[in-house]
Amino acid sequence: MAEVIRHDLIIVGSGIAGLRAAVEAALVSKGKLDIAVISKVQINRSHSVCAEGGTAAVLYPNEGDSFLLHAWDTVKGSDFLADQDAVMRFVREMPKQIYQLEHWGMPWSRREDGRIAQRRFGGHTFPRATFAADKTGFFEMQTLWGVLQRFDNVTFYPEWMVTKLIIEDGRYKGLIALDIYNGTLHMFISKAAVWAAGGGMRMYSFTTYSLTATGDGFAIPYKAGLGLKDMEFVQFHPTGLIPPGILISEAARGEGGYLINNKGERFMKKYAPERMELAPRDIVSRAMMTEILEGRGFEGPNGLNYVHLDLTHLGKEKILERLPLIREVSIKYAGVDPIHDPIPVRPVAHYPMGGVKVDINGATEAVGLWAAGEVNSISLHGANRLGTNSTADCLVYGAITGREAALYAMEHDDFPEADIEYLKQEEKRIFDNLMGRESGEDAYHIRRELRATMDKSFYIYRNENDMKEGLKKILELKEKFEKVAVGDKDPIYNSDLVYTLEIENMLDAAEVIAVGALNRKESRGAHARTDYPERDDKNFLVHTVVHRTVDGPKITYEPVKILFWKPIVRKY
Amino acid sequence: MSKMEVKNIRFVVKRWDPKDGRFFESEYTVPVYRGMTVLDALIYIKENIDKTLAFRGSCRMGVCGTCGIVINGKPRLACETQILHLNTDTVYLEPLHNLPLVKDLIIDHTPFFEKQNKIKPYLIRRDMEEYWNPTREYLQTPEEHLRYMQFTYCLTCALCYAACPTTATNPDFLGPQALMNTYRFIADSRDEGRLERIAIIDNPDGCWGCHLAGACSEVCPKGVDPALAIQLLRREVAKIAFGYVEPVEGAKVAPSLQLTEKRITKGPPEFTVEGAEEKLKEFKIPKTIPVEKSK
């Protein structure tokens, strides 16, 4: 039996939110706290590196931008489901985060006058997407990882996968994690923790996500009794590259790219005459799917029909300077050079608006546990997130939760106590059951079926019948999973075991998405139902919160905080 | 594009078993379609043929730096290597060289990361108050930005480290990545740590250890060119040795904002909830942000 590992503060996840939380906690504690960062991947390789287009912040009020305008754009973009107190705090705290990263080394792109450059982005009235070429998230990760080396009170646990959160009577106590290198399970105890384990939509097959972004961040707190909020809202980014689904940044349209159907038309003029290609993502994605479904798309492989994203008129120089990654991946993965030819694209699963329910400080329902970044739902993004607000969310809420959790840990001298029985149960579940079975169901087969189900039933246009069938299938797959056998029995770096644990997490997260979607009988933001095509503010201007019970998921609804602007008809 | 032609390709994987510390080989036949990458093939093998094969992979788009392995003798990212572009019927895979083995294609990056972090991979400034509590950005023109930008694209994938002949013979050598990154910060007009940085690399295990093989630049998947950076780094060291001292003061903090012509005229709509003005005070948000008038 391994011994219990203690740290004052544990941060789970090493993406932008996790690393930002770690820096803030290290700063606030002035070397007094013993801080740990646990990550399923190597510390600087989290999915945040894939963020491309930019980070939203009000930097130029003298040129017409304002906090209220950023707040309004975000609220309108959210289809009025965002909590307006959270939005207001977020826009207020954002500019400092940009300057902070800049001082640590972030290579933000520049204007001629030496100041930080910004570009246009979907749903934002002012060009406030702060960017570093088209690898913004990559550079944010690089900068945060770099500056963390200034502190010697942070211990890293790379390639340790958290399998369980220990929460008793509404109090966070610790967690259990698998050391992937050795195949051993360990119990961690800490006074406080920041849950920044990331979102992840790998339960879809056509997705922008890294292979490692599997929704663990949702499933583990859910199983520990915490509520998940607004999970039915899954963002489909308009431009996923055909065939792999790799993200083609919205920056491509921010810099002036056109969306073109097979008749050669810029079809967005029918759907958003004012904002055109730079309408919010839910609107652009629906427009593209309508074009494809009505036969104005191009035929693609495996049924992945598509439209064209045309950048050829931007010129070689602009593409090379502003969109180098877009060009690189188009050439490498689709054989298309955007300088000369249009890029084949189709809406792609990209971001969950929902997540672990938290308050305006990022505190979860469990005392001593905060959640930051994509994994939480404050709710800042409501029913549809604007591009560039997610990396911004990670920075602001990484810093807020890092500070809150560090202050909490400093105020408490004693560590919580947790029964070692938790570790024994987890060992039994993983080593005796999953790995102990000589034969059983194939986890990869379950994963393939789950992905096909999500792609079919919970894509852009949804309806009662498809979703009911989808949920039924998810429940069948969950049952099958009970008999899964891990094929590889070796303790050392057993990625077969890791993938299997991930698949279980995907199934749990998928079920909550399905249940939330079935019960929201309206169309709002990213949740579009053909059987209920209108927004219904009378019945559904509320957040869905799902808790796990012995009888399955239990839904409650909570009011939206509408402090400044009442909902209006959403047009662009 | 809708029809997939498939060609069977033989994969030979050089694996390492941590239990007995021995190498062994496994062979797999994979149906390869156009556009399929080596990482796709590894996933295919894992899902359909051999669940025990261990490898890493994450972003599958050449950004995270996770999946570096040796493919047909050359260090590459598995996710960026299209199988049919290799033009062979047999693909030979090995773990990266010059780093400790964990299992099969998995290596331990720890020594590599330790070196990368030893060179202080962050801006060094003297005014720590501004550093931790920023008021505005440090000014930097697009030309100044371009001087170091090329060297920021490093993924820390360790392909250069695996290809470097000096690293292979001298485990204390900092390696191409760390040296390149040192130059990246020296070339950054905001940095004030030139002398501190040079003190770390001005020795036989630093920039003088490089034998100019240039293998690092040849294998770099992002065209970062560490070999060039090392040459430029040596020039910086030489300048100091010859008594040429550049000013140590980095870029200045930008002046406060001047009132300029507004780029847009349409602001947010008026509040529609009663008591909103009062509520707004809690968030300390000015309705208009005070800016200095231009002279």
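Reply: Start with A:Leu259, which stands opposite A:Leu309 in S13(A). The model is a predicted one. S12(A) and strand S13 (residues 307-310) of chain A pair in the antiparallel sense, over 3 bridges.

Now widen the view. These strands belong to an open sheet of 4 strands in chain A, in the order S11-S14-S13-S12. The pairing in this sheet is antiparallel. Which strands stand at the edges? They are S11 and strand S12 (258-260) of chain A. Each has a single partner strand, so one side of each is left without a neighbour in the sheet. From one strand to the next, the twist averages 45°.

S11(A) pairs with strand S14 (residues 343-352) of chain A in the antiparallel sense, and 6 bridges join them. Is strand S11 (residues 234-241) of chain A buried or exposed? Of its 8 residues, 8 are buried, so the strand is largely enclosed by the rest of the structure.

Chain A is divided into domain 1 (5-233 + 351-411), domain 2 (237-348) and domain 3 (421-559). The C-alpha centres of domain 1 and domain 2 of chain A are separated by 28 Å. How many residues make the contact between them? Domain 1 of chain A gives 21 residues, and domain 2 of chain A gives 24. On the domain 1 side, that contact has 7 nonpolar, 9 polar and 5 charged residues.

Two helices of chain A deserve a look too. Packed helices are described by the angle between their axes and the distance between the axes. The axes of H3(A) and helix H11 (residues 389-411) of chain A come within 9 Å. They cross at roughly 90°. H3(A) and H11(A) are therefore roughly perpendicular to each other. From H3(A), the contact uses A:Phe90, A:Glu93, A:Met94 and A:Gln97. From H11(A), it uses A:Ala392, A:Asp393, A:Leu395, A:Val396 and A:Ala399. By class, this contact has 6 nonpolar, 1 polar and 2 charged residues.

Now cross to the other chain. 68 residues of chain A are in contact with 66 residues of chain B. Several helices of chain A give two or more residues to this side, among them helix H2 (67-77), helix H4 (136-148) and helix H15 (495-519). Which element gives the most? H3(A) does, with 9 residues. The side of chain A that touches chain B has 34 nonpolar, 18 polar and 16 charged residues.

One residue brings the chain contact into focus. A:Arg45 sits in the loop between strand S2 (35-39) and strand S3 (55-56) of chain A. A:Arg45 has 30 C-beta neighbours inside 10 Å, so A:Arg45 counts as buried. Leaving aside its neighbours within four places in sequence, A:Arg45 is in contact with B:Ser58, B:Cys64, B:Gly65 and B:Thr66. A:Met141 is 96 residues away from A:Arg45 along the chain, but 8.3 Å separate their C-alpha atoms.

Finish with a sheet in chain B. This open sheet has 5 strands, in the order S2-S1-S5-S3-S4, with mixed pairing. Strand S2 (22-33) and strand S4 (74-77) of chain B stand at its edges. Neighbouring strands are turned by 35° against each other on average, direction ignored. Strand S3 (residues 68-71) and strand S5 (residues 90-94) of chain B pair in the antiparallel sense over 2 bridges. Here B:Ile71 stands opposite B:Leu93 in S5(B). Helix H1 (residues 38-48) of chain B packs on the sheet and touches strand S1 (6-17), S2, S3 and S5 of chain B. The direction of this helix makes about 105° with that of S2(B).

Conventions:
Residues numbered from 1 in each chain as written. Chains lettered and ligands numbered in written order. Predicted model: local features only at pLDDT ≥ 70, side-chain atom pairs only at ≥ 80, totals over all residues. Pairing = 2+ DSSP bridges. Axes fitted to C-alpha atoms, helices over the stretch in contact; angles between N-to-C directions. Contact = placed C-beta atoms within 7 Å. Domains from an automatic or database assignment. Nonpolar A, V, L, I, M, F, W, Y, C, P; charged D, E, K, R; others polar. Parallel < 35°, antiparallel > 145°, perpendicular 65-115°, else oblique. Buried ≥ 20, exposed ≤ 12 C-beta atoms within 10 Å, placed from the backbone.
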